[in-house]
Amino acid sequence: MKKGLAFWTLALALLLSFGLLSPGTARANMYHHGMVHHGGPIAFYLMNQDRLGLTPDQVKKLSSLKMDFMKTMIMEKARIHVLHMETMALMMHHRIDVNKASSNMDAILKHKRTIMHAYLTMISGAHRVLTADQFATAKKLWRQMMMMHHGMTMPHPMAPHPGM
């Protein structure tokens with residue numbers, strides 16, 4: 001009875017640690033909308049560099065921040081993947097080495113924490129690169145894009161309202 005409970009507890013913990021089951025929406029917001037995978041808002045800033053009035057130096061700094069983050073993320077995700085494979089192999093045995101599997105799960109969480117810290121560092125650095133006006137403009141552009149994406153576009157100010 002205890003072995004079965006230990007197996008299912010470990011299996012659930014693995015599912016949670018690998019993000020297959022997520023208790024919150026933070027993961028969904030960041031991963032599913034491509035924020036983490038594409039370097040956060042930096043891609044958006046670079047895509048709108050003319051509208052934001054970014055200087056060549058700002059573009060270079062933002063690109064460097066994104067590149068540093070992407071390198072960290074790729075390496076840490078590779079480590080997570082290897083640990084995941086090792087842990088799954090451990091779970092295929094009749095007698096599971098719970099200590100080793102638990103150690104792997106702790107290492108996975110450590111690597112995920114490294115990714116999240118790198119993400120925070122990147123975003124913080126990106127916001128320091130932008131001026132206050134550029135940041136305000138970026139927020140406005142982001143809101144407009146989200147409204148269009150979710151079908152909440154407002155009629156153009158010069159276009160007559162359909163009820164007129």
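Predicted model: local features only at pLDDT ≥ 70, side-chain atom pairs only at ≥ 80, totals over all residues.

I next asked which residues of H7 are buried. They are Gln 134, Ala 138 and Leu 141. Viewed down the axis of H7, these buried residues fall within an arc of 70 degrees, so they line one face of the helix. Ala 132 and Asp 133, on the other side of H7, are exposed. I then looked up what covers the buried residues of H7; the cover includes H3, helix H4 (49–52), H5 and H6. After H7 comes Gly 151, and its phi is positive, near 70 degrees.

I turned to the largest nonpolar core, which has 24 residues. Those touching the most other members are Ile 42, Tyr 45, Leu 52, Leu 54, Leu 62, Phe 69 and Met 122. At least two residues of this core come from each of helix H3 (42–47), helix H5 (56–91), helix H6 (98–129) and helix H7 (132–149). H6 gives the largest share, eight residues. I also listed the contacts of Ile 42: leaving aside residues up to four places away in sequence, Ile 42 touches Leu 62, Leu 65, Lys 66, Met 122 and Ala 126.

Last, I checked confidence. The protein has a mean pLDDT of 81, with 68% of its residues at 70 or more. Over residues 20–33 pLDDT stays under 50, and for them the model has 17 contacts beyond four places in sequence.

Note on methods
Residues numbered from 1 in each chain as written. Heavy atoms only, no water. pLDDT = per-residue confidence, 0-100. Contact = heavy atoms within 4.5 Å. Core = buried A, V, L, I, M, F, W, Y, C linked by side-chain atoms within 4.5 Å. Buried < 20%, exposed > 50% of the residue type's maximum accessible area, 1.4 Å probe, protein only. Helix = DSSP H or I, 4+ residues; strand = E, 2+ residues; numbered from the N terminus. Arc of directions from axis to C-beta.
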